[in-house]
Amino acid sequence: MGCFTFVKLMMVLFNLLISLGGLTLLAMGIWVTVDGSSFLKLLGPFSSQNMQFVNVGFFCIAIGILLVLLGLLGCCGAHKESKCLLLTFFSIILIIFIAEVAAGVVALAYSSFAEGILKAWATPTLQNDYGQEPVVTKIWNTTMTELRCCGFTNYTDFLGSNFEKENGGSLPPSCCWTNNAPCSPGEAERSAVQGCFEHILEVFQEHANIVGGIAAGIGVLEIAAMIVSMYLYCRLDKRVS
C-alpha cells in the first residue's frame, strides 16, 4: 500500500498544480477583460459585427475554468478514492490529448489551407478598416513596426485600400525600408518588405525546437496523468473485488 499511497499523493499534488495554473489563467483573463479592452479587437470585420472570435480575455477565462475543474476532479478522485471521478478524469485527459494530436496533424498537413483562411480574414481588414478603426490601426502598426513587416502578405494588401485613397496613394511607412511617409507603391515594391505572416512563420520555424519541446512536455504530462489515474483506478478495482 506504500506505493499506492505515494502515487495517490503525487496525483493530488499534480492536480493542485493544474488548479493553480488554472486560477492564474483565470485571473489573467479577468484582468484582460476588465482593463485590457484594446486586446479584445484584433481584426476589424469581427469587431464591427460584435463577433470577437479572437478574445484573449474570454479565452483565458475559459481555459482557466477548465483547468481548475480538471484539477479539482483529479484531486477529489484521488483523495476520495472514487473510481467514477478517476475514470472521468482519465477520459477528459484522453479527449484533450487526442484533440491536440489531431490539431497538430491538421496544422502540419494543411498549413497552406490555414494560410488561405487567415489571408481571407486579414486582407479585408487592411483594405477596409486600417486607418479607420483606431484599435485595428494601432495593433497593425505595432505589429509591422516591431516585426519590420508590411501587411499580411506584403504591400499589395494596401493597394486600393481606404488608407491608400485617403492618403493620396501613400502606403504605411513600414512598407518602405526608409520607414518614413510618404511611402509610394513603387518604393514599397523596390523595398520588398516581407509580409507579417511569412515573418511570423519564419520565427516559429526558427524556434521549432522550443515549440516542439513544449508540446512534447505537455504530451508527456498528459500521458503521465492518464497512467497514474488508471493505475489508481485499477488498484481501487482490485481492493473492491
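This is a predicted model: local features need pLDDT of at least 70, side-chain atom pairs count only at pLDDT 80 or more; totals for chains, interfaces and linings use all residues.
## Disulfide pattern

The structure contains three disulfides. When the bonded cysteines are counted along the protein chain, the pairing reads 1-6, 2-3, 4-5.

## Cys149 and Cys196

The sulfur atoms of Cys149 and Cys196 lie 2.0 Å apart and form a disulfide. Cys149 is in the loop between helix 6 (134–147) and helix 7 (162–166), while Cys196 belongs to helix 9 (residues 196–206), so the link ties together parts that are 47 residues apart in sequence. The S-S torsion of Cys149 and Cys196 is about 80°, and the disulfide is therefore right-handed.

Cys149 has a relative accessible area of 0% and is buried. Cys196, at 3% relative accessibility, also counts as buried, because the cut-off for this class is under 20%.

## Cys150 and Cys175

Cys150 is joined to Cys175 by a disulfide with an S to S distance of 1.9 Å. Cys150 sits in the loop between helix 6 and helix 7, and Cys175 in the loop between helix 7 and helix 8 (185–191), so this pair ties together parts that are 25 residues apart in sequence. The torsion about the S-S bond of Cys150 and Cys175 is about 70°, which means that the disulfide is right-handed.

The relative accessible area of Cys150 is 1%, so Cys150 is buried. Cys175 is likewise buried, at 1% relative accessibility.

## Cys176 and Cys183

A disulfide is also formed by Cys176 and Cys183, with their sulfur atoms 1.8 Å apart. The link of Cys176 and Cys183 is right-handed, with 80° about the S-S bond. Cys176 and Cys183 are both buried.

## Other cysteines

Cys76 takes part in no disulfide. The nearest cysteine sulfur to that of Cys76 belongs to Cys75 and is 6.8 Å away, whereas a disulfide needs sulfur atoms within 2.5 Å.

Cys76 is partly exposed, with a relative accessible area of 31%. Cys234 counts as partly exposed at 36% relative accessibility.

Notes: Residues are numbered from 1 along each chain as its sequence is written. Side-chain values use heavy atoms; hydrogens and water are left out. Helices (H or I, at least four residues) and strands (E, at least two) are DSSP runs, numbered from the N terminus. Buried means under 20% relative accessible area, exposed over 50%, partly exposed in between (1.4 Å probe, protein chains only).
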